[in-house]
Amino acid sequence: MYNAKAVILGILVFVALSTSPFWSSFIGRDYKTTDIALPKDEKNCLENVEFMRSQHMRLLNEWRDEALRNENRAYIASDGKKWVISLQNTCLKCHNNYEDFCQKCHVANSVYPYCWTCHIIPKGSK
Amino acid sequence: MNKSRRSFLKIAGLSAFALSSGITGLTGEAHAKIAPGSYAHGGNALSAKRWAMVIDTRKFKDSQDYEPLIEACHKAHNVPHIPGRQNIKWFWLDSYAHVFPDDMNAHLDERTSAASWPLLCNHCTNPPCVRVCPTQATYKMEDGIVAMDYHRCIGCRFCMAGCPYGARSFNFMDPRAHLTNPVPNPDFPTRMAGVVEKCTFCAERLAVGQLPACVEAAKGRILFGDLEDPASEVRKALAANYSIRRKPSLGTQPGVYYII
């Protein structure tokens, strides 16, 4: 091989650089949580945490269509508990800290939903 | 492989049948449900086959008598008052000539021609606004209420052109600029700039067992009930009195009746 030293060194540098994100995650740089403030009075949301975390926006869309179009204004959760379908009057009654709950996570994830142009944020914020 | 025309047509026919028959429908719901729970109607909701309203205008002396009704409606739904032509109308007043142009006879009596007449969305049986809405943001529910989903409204204003009663208003600006802070009813959302809005027959109040805000404020002068039920208050009132509806010749079949 011609210029074996330079080529092998080049390959090593290339591999090191292209895999650097993996290595940098091992040294230092703690995983940062969003530090959202969970409601103090309630222990459980209507479904389990994983579902609520990943699907709450789809659930809200489904709630909206069921309530507005089919007059189904009650949701019976998988544990049998009955909830009134309302973002403003059900969800936000427990999740009443908009800035430390909704906003923190949305900002961290760079999503900017425009719920609050119409729905009223619980008092204390805005 | 040599396929005969006959076997080709057989397979083509079978495939067409399989695709067009309901078989493929069984493989999965087109509209996937995400929630693990189930849905039900609200517990103490009022229900009807066809909601309708009868306004006994004989019992209102002048336009001042309607003010508490308008205030109740606009407070309950955070409807702003915007001076000028960009006002938002859910419940409003107008002259006889504008309200009942078909019945505008020459030499009308003083009381009829001078009075203010109450107006709201007619919740038609054949709503033109629903037919023209390109996004199905406005739709007719099973109980006859013409409802709106503001999330879906793109503000094209076809419905405003379609509605022969002027019952729809466009938000030319953020309505919150014309509302108090906090809003009059924090349990109900506001709207945003760029959507159309209108009276909802208080669907959200019916869902919790309350009559519409204007009916409650009218103290018996406005009746609300099921038009399909012969024993209901509205049917009894219509059977006992002469009543008219707005622009009947259009065939929209309004759900708001006026006892004159």
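Read from its N terminus, chain A presents its secondary-structure elements in the order α-α-α-β-β-α-α. The radius of gyration of chain A is 23 Å, well over the 14 Å that the globule rule gives for 126 residues, so chain A is more spread out than a compact globule. The description rests on a predicted model. For the complex, the predictor reports an ipTM of 0.82 and a pTM of 0.82. In chain B the mean pLDDT is 92, with 96% of the residues at 70 or more.

The elements of chain A amount to five helices and two strands. Along the principal axes, the C-alpha atoms of chain A occupy a box of roughly 75 × 30 × 30 Å. Of the 126 residues in chain A, 11% are buried. When contacts in chain A between residues at least 6 apart in sequence are considered, 54% of them connect residues at least 24 apart. The domain assignment divides chain A into domain 1, covering 45-85, and domain 2, covering 95-126. Between the C-alpha centres of domain 1 and domain 2 of chain A the distance is 19 Å.

In chain B, an open sheet is formed by four strands in the order β9-β2-β11-β10, with mixed pairing. Its edges are β9 (222-226) and β10 (243-244) of chain B, each of which pairs on one side only. Strands of a sheet pair through backbone hydrogen bonds, in either a parallel or an antiparallel arrangement. The pairing of β2 (residues 51-56) of chain B with β9(B) is antiparallel and involves five bridges. Within β9(B), Asp226(B) is the residue that stands opposite Trp51(B). Helix α9 of chain B, residues 233-240, lies across β2, β9, β10 and β11 (256-259) of chain B. Relative to β9(B), helix α9 of chain B runs at about 115 degrees.

Elsewhere in chain B, the loop between α4 (110-114) and β4 (116-120) contains Ala115(B). Ala115(B) has 17 C-beta neighbours inside 10 Å and therefore counts as partly exposed, since a residue is buried at 20 or more such neighbours and exposed at 12 or fewer.

Conventions
Residues are numbered from 1 along each chain as its sequence is written. Chains are lettered from A and ligands numbered from 1 in the order in which they are written. This is a predicted model: local features need pLDDT of at least 70, side-chain atom pairs count only at pLDDT 80 or more; totals for chains, interfaces and linings use all residues. pLDDT is the predictor's confidence in each residue, from 0 to 100. Domain bounds come from an automatic or database domain assignment. The radius of gyration is taken over C-alpha atoms; the globule rule is 2.2 Å times the number of residues to the power 0.38. Two residues are in contact if their C-beta atoms, placed from the backbone, lie within 7 Å. Two strands pair if DSSP finds at least two bridges between them. Axes are lines fitted to C-alpha atoms, for helices over the stretch in contact, and angles run from 0 to 180 degrees between N-to-C directions.
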